[in-house]
Amino acid sequence: MSLSIPRLSYKTIGQIADKFLDGYHPKISLPVPIEEIAEQKLKIKIVPTAKLKENYDIDGFLTSDLAAIFLDLDIYLKYENRTRFTIAHEVGHLILHGDIFKKLNINSIEKLNTLSDKLTDEEYGWIEYQAYSFASQVLVPTRQLFGEIKGKLGRIPTNEMPEVFSPIAQDLLQVFQVSGEVLLRRLQKEGILKL
Amino acid sequence: MINPQTFSNMNFGEFFRQKRVNSGLTLRTFCERFGLDPAYISRLETGNLNPPKDRDKLSSLAQALNIREESTDWVNFFDQAYLAKGEIPQDILEDKKSSKYLPLLFRTARGKKLSKKKLQELIKLINNA
């Protein structure tokens, strides 16, 4: 079983994220309604399930038939932004890696175990990095991020210290409905913030 | 009488989910609006839980789905709910459920894979969720 995980750059993943938004959420209202997109447009079942976090350290996962996203129930009920990110992350797997996994046709526990054995830590790291990058760029789209910052600061800073963003950080978090960590990474990756 | 066009290849859970999605509500917004437990509704939709036996509870759910009383959908909703209650022998049901869901890629805090033992446990959990 060979996976041939493509090494996609952050920028390339950003282009895929933009294309995804063009297709599934062209009006780009904010925050991006990822749960709605997953259920209504992608026809993915959302299945909140107890004890995923407590017993398995799992926030959520995509099923092998690519048809459902399981989410930890406690996180789903208490932390909406975190859940939004998990859904976007799993949608990222579907968009970026769906074809690879479709071909593998993981329909039994044996095949799943084989996949788990064959998938190296490096490949797994790539897969996770790409899904993370996709999720953050879908929930904080570049154009909208720049637009919000320019609207609030009157300019787009370059490599600024985090303090510059203190007055508008809460507003941005409110607009995009993501965690501070996701927002900071986005600002850093766009060359706006120096960490 | 069950309308074959509405219910061809569709069980109670699938019908429930289709009505909810068609009403434009996500699982979260649907449950918030009607004070329902998302885990409970999700289990109904995935067929891991039988519909409630109580007719009043079923009526409340039908109303939440915006199914008009005495409409064809209303009658079908109840017919399908009754059909879902134990007509399939438990052993066949268990067999069918055993590989219904397999986890593929996880989002964990540490970004690590699960051990085989944990994976087996997880498969059992989600197929009985």
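Which pattern does chain A follow when read along the sequence? Chain A follows α-α-β-α-β-β-α-α-α-α-α-α-α, with 10 helices and three strands, where helices (H or I, at least four residues) and strands (E, at least two) are DSSP runs numbered from the N terminus. The radius of gyration of chain A is 18 Å, close to the 16 Å that the globule rule gives for 195 residues, so chain A is as compact as a globular protein of that length; the radius is taken over C-alpha atoms, and the rule is 2.2 Å times the number of residues to the power 0.38.

This is a predicted model, in which local features need pLDDT of at least 70 and side-chain atom pairs count only at pLDDT 80 or more, while totals for chains, interfaces and linings use all residues. Residues are numbered from 1 along each chain as its sequence is written, chains are lettered from A and ligands numbered from 1 in the order in which they are written, and side-chain values use heavy atoms, with hydrogens and water left out.

**The two chains**

The C-alpha atoms of chain A fill a box of roughly 55 × 35 × 30 Å along the principal axes, and 51% of its 195 residues are buried, a word that here stands for under 20% relative accessible area, with exposed over 50% and partly exposed in between (1.4 Å probe, protein chains only). Chain B has eight helices and one strand, arranged along the sequence as α-α-α-α-α-α-α-β-α, and buried residues make up 43% of its 129 residues.

**The interface**

In chain A, 53 residues are in contact with 37 residues of chain B, contact meaning heavy atoms within 4.5 Å. The two chains bury about 4200 Å² between them, 60% of it on carbon and sulfur atoms; this buried area is the accessible area (1.4 Å probe) that two parts lose on being put together, summed over both. On the side of chain A, Glu39(A), Tyr56(A) and Tyr124(A) lose the most area to chain B, together 17% of what that side buries.

Glu39(A) lies in helix H2 (residues 34-41) of chain A and is buried, with a relative accessible area of 0%. Its side chain reaches the backbone nitrogen of Leu27(B) at 2.9 Å, and among the residues that Glu39(A) touches are Arg17(B), Arg20(B) and Val21(B).

Between chain A and chain B there are 11 residue pairs in polar contact (both at pLDDT 80 or more), a polar contact being a pair of N or O atoms within 3.5 Å, where within protein one must be able to donate a hydrogen and the other to accept it, and residues adjacent in sequence count only if both atoms are side-chain atoms. Helix H5 (residues 80-104) of chain A supplies the largest share of the side that touches chain B, eight residues.

**Salt bridges**

| Salt bridge | N to O distance |
|---|---|
| Arg28(B) and Glu80(A) | 3.6 Å |
| Arg28(B) and Glu35(A) | 3.2 Å |
| Lys152(A) and Glu148(A) | 2.8 Å |
| Glu190(A) and Arg186(A) | 2.9 Å |

Arg28(B) is buried at 8% relative accessible area, and Glu35(A) also counts as buried, at 8%. Lys152(A) and Glu148(A) both lie in helix H8 (residues 142-153) of chain A, four residues apart, about one turn of the helix.

Terms used
Salt bridge = Lys/Arg side-chain N within 4 Å of Asp/Glu carboxyl O. Lists of a residue's contacts leave out its neighbours within four places in sequence.
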